[in-house]
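Here is a friendly walk through one model, from its aromatic rings to its core and its pocket. Have the structure open as you read.

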Amino acid sequence: MRLRFTQLPEHLARGLSPVYLICGDEPFQLGEAARLIRTAARTAGFDEREVLDQDAQFDWGALGASASAMSLFSQRKLIDLRLSSGKIGKDGSAALRAYCARPCPDNLLLVTAPGLERKELENQWVKSLDAVGAVVQVWPLKGRELAQWLSQRLTAAGFVPEPGAAELLAERVEGNLMAAVQEIEKLRLLRDPGPLPLEDLLGTLADSARFDLFALTDAAVAGDRVRVHRVLAVLRAEGVAEMLVLWVLARDLRMLAEAAGAKARTGSAAAVFAAHRVPRPRQDGVERALARLQPGLLRGLLQACARIDRAIKGLGPGDPWHGLEVIADRLAGAVAGPSTRK
């Protein structure tokens, strides 16, 4: 039986096979699949576990000896065989085929082979394991499969993700499942279980960027064009998702547009600062920016944000990174006077 990693939990819920082979080149799935099988085995009464590490000097007779040895502590045993390579030679192939020919009901054999190549799945010993048990292939998750897995992890952590949240997280981690798990654990620490709005996830992911995303908007509001372009270059090189960069830019543009309107009506932007939780040390810089930013420019940049949002989602033309650079540059480079009108 051949299984994908995502199919393993459902398979284990129905019952255990006598033999498992886990192979592939994705380290998180490899470890997680082994953990799931070991947990299911303990629940089923396989209380003893014997680890066999295969190397160049490994005696394959140890596998048969372990299978036939009576345990002093448990009636059922998990034999955890870890292969250093898929090339196990004639002795290894013969030992595994002999085990699969007569699997003991009081033993469960778990074989992990991270170095097993796809072409080696056609070896006779693999086919023998496949005939009596399950072969779990842990190739990297991509596209819709990755998003579905992330949605399941978020749900298991107690969250109800808004549509698009899993896709955003998938874009952020770029297939690195360990990074994805870390982001989900961080969410569990930062917020209570329940609904997970897309904007809240964006904010959390923005906070975790190695280069501070908010340094971009600080530089743009301060009018520092050189720093704006340097920050953007670093964010792009670090692989930060375009959607996160768009979010921080659009967030500040909305605040600036509302503040400009409030100042025009009442002469004060204090209420807007309070609503958007603008820190007091930053308010002076925003006030200086409002002196050079015309409402027409801010509205135009917000419209440009909407176009970039469509481009990121594949619904419109254009290079998102170029569009983000144009928006940040215009926000930083605008000067007081009619020349900034759109």
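## Ground rules

Buried means under 20% relative accessible area, exposed over 50%, and partly exposed in between, with a 1.4 Å probe and protein chains only. This is a predicted model, in which local features need pLDDT of at least 70 and side-chain atom pairs pLDDT 80 or more, while totals for chains, interfaces and linings use all residues. Residues are numbered from 1 along each chain as its sequence is written, and side-chain values use heavy atoms, leaving out hydrogens and water.

## Aromatic pairs

The structure holds three aromatic pairs (ring centres within 6.5 Å, using the six-membered ring of Trp; planes under 30 degrees apart are stacked, over 60 edge-to-face, the rest tilted). Phe28 and Trp149 make an edge-to-face pair, 5.8 Å centre to centre with 75° between the planes. Phe28 sits in helix 2 (residues 27–43) and Trp149 in helix 6 (residues 143–156), so this pair ties together parts 121 residues apart in sequence. Helices here are DSSP runs of H or I with at least four residues, and strands are E runs of at least two, numbered from the N terminus.

Phe28 is buried at 11% relative accessible area, and Trp149 is buried at 5%. The rings of Phe58 and Trp60 have centres 5.0 Å apart and planes at 90°, so they too are edge-to-face; both residues are buried. Phe5, Phe28 and Trp149 form one aromatic cluster.

## The nonpolar core

A nonpolar core is a set of buried Ala, Val, Leu, Ile, Met, Phe, Trp, Tyr and Cys residues joined through side-chain atoms within 4.5 Å. The largest has 89 residues, and Ile22, Trp149, Leu216, Val245 and Leu256 have the most contacts inside it. Helix 12 gives the largest share, 14 residues. Apart from this core lies another, of 26 residues, including Leu63 and Leu83.

Which residues does Trp149 touch, leaving aside neighbours within four places in sequence? Its contacts (heavy atoms within 4.5 Å) are Phe5, Thr6, Phe28, Leu141, Leu177 and Val181.

## The largest pocket

A pocket is an open set of points on a 1 Å grid over the protein atoms alone, where a 1.4 Å probe fits, with protein on both sides within 12 Å along at least five of seven lines; lining residues have an atom within 4 Å of a point. Lining the largest pocket are 17 residues, with Leu202, Met243, Leu246, Asp309 and Lys313 nearest its centre. Helix 12 supplies the largest share of the lining, five residues.
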